[in-house]
Amino acid sequence: MADGFLTSDTTDTTWIKPLDTGWKEVTYAAVDGLAVFEGCIILGTVAEAQAVKKFVDDNPGIKEEGVESFGTGIVGTQFRWKNNTIPFEIDPNLPNQQRVLDAIKHWQDNTPIKFVKRNSADPAHRDFVVFRPGSGCASSVGRRGGRQEIILGSACSTGNCIHEIGHTVGLWHEQSRKDRNQFVTVKLDAVVPNARHNFNQHIQDGIDLLAYDYGSIMHYPRNAFSANGEDTIIPKQAGVEIGQRKKLSAGDIASVKKLIKS
Ligand SMILES: [Zn+2]
């Protein structure tokens, strides 16, 4: 797919816990053993997603208990990178590694986020990200602990890499905000039926307090998961573009600055 989404017809549900909200049941696609949410967010392995589902289903009270560090939950300072610094490695088999270096430079030039080549002997580099090849572009949201990955297929550009690093830093997709229906119209009829779960609207972070940002690099493009080339997500404001994959918007940068203080 042109967007570089990781997709599959095999879907299931699990639970996540975004910032400032309770547990949410979400649908993911199983792709190469990974539970992939909204086409490019790695919740964990399918086995981990199934374990979270079983745990939450077996312990319904947990949804009210404010448990913050379990499984695929992404909330609070334990999911932020220490000193805003992300230790990283690049898989030697990854083609076109310059796109990674260019994306890192863009982040460092525009945000407080810093990157450092991982030194495995340094205890401060215990948590790190590996850029590796794959069939699409994908990342986890926030710091998960230990090794985590950013997957870059051959079609993933520097802009796609900037987007995926946004997830690694802790950003969700802009069009998943709770208030998105005020700003865009989703045409589910135009979406590949088995991909409609990617348009469920369910993530509300504290950073929603900033204005809805059509220009966010974290926003889906107009034709995301289109079955027939028709637009699937249309801005209500005339003349705006969505889905750019060139650079962090002013809103993205403001969101990151807010996020790393949360
Ligand atoms: Zn994404």
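Predicted model: local features only at pLDDT ≥ 70, side-chain atom pairs only at ≥ 80, totals over all residues.
Student: Which residues are the protein donors of the zinc ion?

Tutor: Cys40 contributes its SG atom, while His163, His167 and His173 each contribute NE2. These donors lie 2.0 to 2.1 Å from the zinc ion. Along the sequence, the spacing of the donor residues is C-x122-H-x3-H-x5-H.

Student: Why is the arrangement around the zinc ion tetrahedral?

Tutor: For four tetrahedral donors, the ideal angle at a metal is 109.5 degrees. Four donors are counted as tetrahedral if all angles lie between 85 and 135 degrees. Here the four donor atoms subtend angles of 97 to 122 degrees, so the arrangement is tetrahedral.

Student: Where do His163 and His167 lie, and are these residues buried or exposed?

Tutor: Both belong to helix H3, which spans residues 158-169. Because His163 and His167 are four residues apart in this helix, about one helical turn separates them. His163 and His167 are both buried.

Student: How many salt bridges does the structure hold, and which residue forms one with Glu174?

Tutor: The structure holds 12 salt bridges. Glu174 pairs with Arg177, with 3.3 Å between the closest N and O atoms. A residue is buried when its relative accessible area is under 20%. Glu174 is therefore buried at 11%, and Arg177 is buried at 4%. Arg177 also forms a salt bridge with Asp179, the closest N and O atoms being 2.9 Å apart.

Student: Is Asp127 buried or exposed, and what of Arg126?

Tutor: Asp127 is buried, at 7% relative accessibility, whereas Arg126 is exposed at 53%. A salt bridge joins the two, with their closest N and O atoms 3.5 Å apart.

Methods. Residues numbered from 1 in each chain as written. Heavy atoms only, no water. Donors = N, O, S within 2.8 Å, 3.2 Å for Na, K, Ca; no water. Tetrahedral: all angles 85-135°; square planar, octahedral: opposite > 155°, others 65-115°. Helix = DSSP H or I, 4+ residues; strand = E, 2+ residues; numbered from the N terminus. Buried < 20%, exposed > 50% of the residue type's maximum accessible area, 1.4 Å probe, protein only. Salt bridge = Lys/Arg side-chain N within 4 Å of Asp/Glu carboxyl O.
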